[in-house]
Each structure stands twice: as C-alpha cells, then as structure tokens.
Amino acid sequence: MDTNQRIANMKLRRKFSMLLTAFILFAWILVLVYSRYSVSVSKQQLDGKADLLAQAVGAQSQYGLMMGDSAGLADALKNLVGTGDTEAGGFLDPNGKTLAQLDFAFTNMKQTDPALLAGTVVSADMNDGTPVLISTVRVNNKNTHQALGYVSVAISSKSLEAENTTSILITVLTFFLFSLFGLLAMFLVRKTVIRPVDTLKQSVQKVAAG
C-alpha cells in the first residue's frame, strides 16, 4: 500500500491532527529561525562597533605606542572608558607586554596572545559579571608598516545578552501558545466537524446495510 493510499484510508480525525501538527511545527520553526537570525544580526553589528572603536583608538594612539608613553596611553584609556558603553581597554607593545590598561581583567579570557587575538572579537565576562565583547587590533607604523603594538577595547554586550534571553523566552512562549492553539482548534473541529461527519457516516453505513 503506497503512501497516498494510506492517507486516503486514514480517519478524518487523524488527517486533521497530522495537518495541524505540521502547521504548528512549521510556524514555530519560522519563529525560531527569525529570532536566532535577529540575534545574529545584532551580534554582527556589535562586533563591528567594537572593531571600529578599537581601530579608531589605535589610529589616535600611534605616537604613544611608538614612544612607549604609558602615562599618555593610560589617559587615553580613561577618556575612552569614561564615555559611552566602553567597559575596559588596554595597550600592549609588539611583544605583548602591557603598556597601559584600565579595568582589563576578565574571568574567562582564554586566549591572551595579542598576535593571535588581533583582528578578532571575542566574548568574555568582567570580574563584576558584566558581559563584554573584546576587539583587539594591531597598530602599525604608517610609514614602515611595522607593528607598534596592540590595542584591545571591551564594550558592554548586555543588550545582546538581553536580546538573546528575550529570543529564547519568545521561542518557548510561542511553542506553548501554538500548542494551546492546536489543542483548542482540535477540540472545536472535532466537536463541530469531525463528530457530525462520523455520525453521518455511521448513519449512511446503517442505511446501506438495510
């Protein structure tokens, strides 16, 4: 017996249940995909913001890195962290030695080699629990293109964490709402359509049997 024949021989109640279940799953998958896509886009935008900020700070601090001016670099970090949502920052020389840093301490920073981190944006948590995105860029001499050092900037990712949590809640909530809608729809259709049709079918069978 092929699939079409099996479907044709199914009871109306089972056919409707399968159709309704498929519709609910499809709708829920759409919600899931959209919510995860929205979080992914927000993550990319925040990564880009952190990267642009690090590049801007690096471009403004070339002379300080060239001269090894720790005091000047520290002042630049104070001005940076004191504005916007920048949480921390740090300057390192070409060998990875710290020249200046401000609040640059994290509980789960796995990779510390600036040469490997250069050009990347990584997630971490500050010691006070604040989630951040850390962008590290290599600062080169404009003339010789040799490395002057590295700059790392950490910006808050609380908004991203909140959006991710909201996305999960919406996904779970819609699943329960769709399930509730399916049960309600099944009850109404069974009462108003399936049961009368079954009764009519039984009556027709009795008439046919004499």
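**Reading a predicted chain, feature by feature**

Q: In which sense do strand β1 and strand β2 pair, and over how many bridges?
A: Two strands pair if DSSP finds at least two bridges between them; helices (H or I, at least four residues) and strands (E, at least two) are DSSP runs, numbered from the N terminus. Here, strand β1 (residues 86-92) and strand β2 (residues 98-102) pair in the antiparallel sense over four bridges. Leucine 92 has threonine 98 in β2 as its bridge partner. The two strands form a hairpin with five residues between them, and glycine 96 in the turn has a positive phi of about 90°.

Q: What kind of model is this, and which limits apply to its features?
A: This is a predicted model, in which local features need pLDDT of at least 70 and side-chain atom pairs count only at pLDDT 80 or more, while totals for chains, interfaces and linings use all residues. Residues are numbered from 1 along each chain as its sequence is written, and side-chain values use heavy atoms, with hydrogens and water left out.

Q: Where in the chain is confidence lowest, and where is it highest?
A: The predictor's confidence in each residue is its pLDDT, from 0 to 100. The chain averages 83, and 88% of the residues score at least 70. Confidence is lowest in helix α1 (residues 3-9), at a mean of 51, and highest in strand β4 (residues 131-140), at 91.

Q: How many helices and strands does the chain have?
A: The chain has six helices and five strands. Along the sequence they follow the pattern α-α-α-α-β-β-α-β-β-β-α.

Q: Which residues touch the most other members of the largest nonpolar core?
A: In soluble globular proteins, nonpolar side chains tend to be buried together. A nonpolar core is a set of buried Ala, Val, Leu, Ile, Met, Phe, Trp, Tyr and Cys residues joined through side-chain atoms within 4.5 Å. Buried means under 20% relative accessible area, exposed over 50%, and partly exposed in between (1.4 Å probe, protein chains only). Of the 20 residues in the largest core, Val57, Leu65, Leu73, Phe91, Val151, Val153 and Ile155 touch the most other members. Two or more residues each come from α2 (12-60), α4 (70-81), β2, β4 and β5 (147-156), and α2 gives the largest share, five residues. Valine 153 is found in strand β5 and is buried, with a relative accessible area of 0%. Its C-alpha lies 8.1 Å from that of leucine 133, 20 residues apart in sequence.

Q: Which side chains meet in a salt bridge?
A: Side chains of opposite charge can pair when their charged atoms come close. A salt bridge is a side-chain nitrogen of Lys or Arg within 4 Å of a carboxyl oxygen of Asp or Glu; by this rule there is one. Lysine 43 and aspartate 47 meet in a salt bridge at 2.8 Å, N to O. Both lie in helix α2, four residues apart, about one turn of the helix. Lysine 43 is partly exposed, at 25% relative accessible area, whereas aspartate 47 is buried, at 16%.

Q: Which residues other than glycine have a positive phi?
A: Most residues other than glycine have a negative phi. Aspartate 103, however, has a positive phi of about 60°. This aspartate is in the loop between β2 and α5 (114-117) and is partly exposed, at 47% relative accessibility. Histidine 145 has a phi near 65°. Histidine 145 is in the loop between β4 and β5 and counts as exposed, at 58%.
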